[in-house]
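Trainee: I'm new to this one and would like a close look at a single part, the place where the two chains meet. Could you walk me through it?

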Amino acid sequence: MRNEAIEDSLFVKVKVKAEEKEHIAAPASGMIADAWLRLRKNKAAVVALFILIAIILLAVFAPVFSKYSFSDTDYGSVFAQPNADHIFGADQFGRDMWVRIWMGTRISLMIAAVAAVLDLVVGVLYGAVSALLGGRVDAVMQRIIEVLVGIPHLIIVILFLMAFPAGVGTIIAALSITGWVNMARLVRAEILKLKSQEFVMASQVLGSSKFYIIMKDLIPNTVGVIVINVMFTIPNAIFTEAFLSFIGIGLAEPQASLGVLINGGYQVLQNYPHVLIFPAVVIVLIMVCFSVLGDGLRDAMDPQMRK
Amino acid sequence: MVKYILKRLLFIFVTLWIIVTCTFFMMKQLPGTPFDAERFSIMTPAQQESMLEMYGLNDPVPVQYVKYIGNILHGDLGTSFSYVNQDVGSVIAGRLKPSALIGLQAVLIGLAIGLVLGILAAWKHNSGIDYLTMILAVLGVSVPNFVAAALLQYYIGLKWGILPIGFWTSWNCSVLPSIALSFSATAMVARFMRTEMLDVLDQDYIVTARAKGISQMQVLMRHAVKNSILPVVTILGPIVVNLMTGSLAVENIYSIPGIGSLFVDCIKANDYPVIMGITIFYAAFYMLVVLLVDLVYSMIDPRIRLTKGKED
């Protein structure tokens, strides 16, 4: 139907310059670069990142450059208050708290690193396989997960620790039974969602192999979920170790994990609060920084979720 | 609906059975008997036999397993190793009340403070109270509960002497542990409520409500809060897990005769029957809470259907 009031002559074709048509305002940036750009604007996350880097550096180098070792006793400086010699004071055997705290941080960070790797390898693989194979395999794999989710994780870890001698290796092994479950569920849900989307179908129609689709279409699109979940697994692992050591079934003296140190500090809290306060501050700082950084990464990688 | 509940209950039973089986055979591998080796060796064979009988240790392991499962079905969890002559059921039952009271109070504190903070934070988005809530939410999940409990005990209990530092003599004793346990619950609720409510405040019907000209208070209470408070039910499961595990440390710190401290004591004493009993109890309780949450949520939110409806 023609509209009498508006005539065709009223319309003029806009001239578009050929070079402007193909003009690219900025080079295409990948997901990681994109996320980094957005993360940089989040002041809290950047501060958290720098504090974490500082903590990691201290954990690696502070014990090396100190004249004390974490297990050397010195009965001349029992319960020394923080001073120039002992920056964080000393404990009931005169051991230097500065060195012990950074040794403890080493253990915490090591457990965190292993938990993260485990999450990435077992969790992602389990979730991806479950989602991609589907059918009966998926059903069986999901039932296994449902049983694992049925008991609080910490209870499984505690039962496991009873059966094996306490040590960093045992704690890591115990965490590996349950640590990856959340990741597996998230990755499975994400891949199931992606699998039915048009771009995957387009890729199939264009003749991509199954392997190519998994590597190029599915996994890159789940990176956001994976990275964010790892950032929340890490503080959980650190907390679990400290918690177990605190209630006395994790690591034990003379090893210095943050949980052992807090337990030792708690015993003498009434008279020497500094023995508790310093390791407690360090663990809180680590947990806060990971959680702030995790939030920042979530906002950066999934801008729609931003609140 | 009934079919769905039965299906879920059946799954809970199967899960419990798997848990019982795994822990049973694991415990059998561990060293330790309830007997003092020296005193046990000077008993007559008949006495030894009757002692073993009492703890169910006189049969080969597979027979013990079958008997154990049979006993559990009758509600008999065996005899404690460390609490002499007491059966596990009564040991656990005797410790139930303090844990239940502290847990319940912690949930109530968490809900009350968490909801108020979450609502205010979302309503005054990007204001001082919003930042304060977010800081508290991060701290609440980052400060380990045993550190919070130790510091509360030291400052409020010991230095300022306002509340008892521990033990279980009056209701006052339950205040500090409840507060210590409630931090993470408060943080989880506040954060969840804030996110939910920001979502709701973005909806068109809030704009409509404002356009109608009703007061801000009415928009908040009748439209925003009412629509965002329901999903909070769903985080009850994670909160319960948090309280259970938290109670292991907090009850120890405050010397409270609850299930958490019993569990830790029995682990240190290698009291396997009680450890198994508490594991079963924790798992069953947690799974029932999750089931209950699902049921309640489907009842209060008609959009959620547990069973497949006719339309799909």
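**Where chain B meets chain A**

Mentor: Let's start with who takes part: 45 residues from chain B and 38 residues from chain A make up the contact, where contact means heavy atoms within 4.5 Å. Keep in mind that this is a predicted model, in which local features need pLDDT of at least 70 and side-chain atom pairs count only at pLDDT 80 or more, while totals for chains, interfaces and linings use all residues. Residues are numbered from 1 along each chain as its sequence is written, chains are lettered from A and ligands numbered from 1 in the order in which they are written, and side-chain values use heavy atoms, with hydrogens and water left out.

Together, chain B and chain A bury about 3,500 Å², with 81% of it on carbon and sulfur atoms; buried area is the accessible area (1.4 Å probe) that two parts lose on being put together, summed over both. On the chain B side, Phe11(B), Phe146(B) and Tyr154(B) lose the most area to chain A, together 16% of what that side buries.

Now for the charges. There is one salt bridge between chain B and chain A (a side-chain nitrogen of Lys or Arg within 4 Å of a carboxyl oxygen of Asp or Glu). Asp295(A) forms a salt bridge with Arg191(B), and their closest N and O atoms are 2.5 Å apart.

Which elements of chain B are involved? Those giving two or more residues to the side that touches chain A include helix H1 (2–29), helix H7 (145–159) and helix H8 (175–201) of chain B; helices here are DSSP runs (H or I) of at least four residues, numbered from the N terminus. H7(B) gives the largest share of that side, eight residues. By type, the chain B side that touches chain A has 32 nonpolar residues, nine polar and four charged.

Over in chain A, have a look at helix H11 (residues 258–267), where nine of the 10 residues are buried, meaning under 20% relative accessible area (1.4 Å probe, protein chains only). Among them are Leu258(A), Ile262(A) and Tyr266(A). The cover over the buried residues of H11(A) includes H4, helix H10 (210–247) and helix H12 (274–301) of chain A, together with H7 and H11 of chain B.

Methods
Nonpolar A, V, L, I, M, F, W, Y, C, P; charged D, E, K, R; others polar. Buried < 20%, exposed > 50% of the residue type's maximum accessible area, 1.4 Å probe, protein only.
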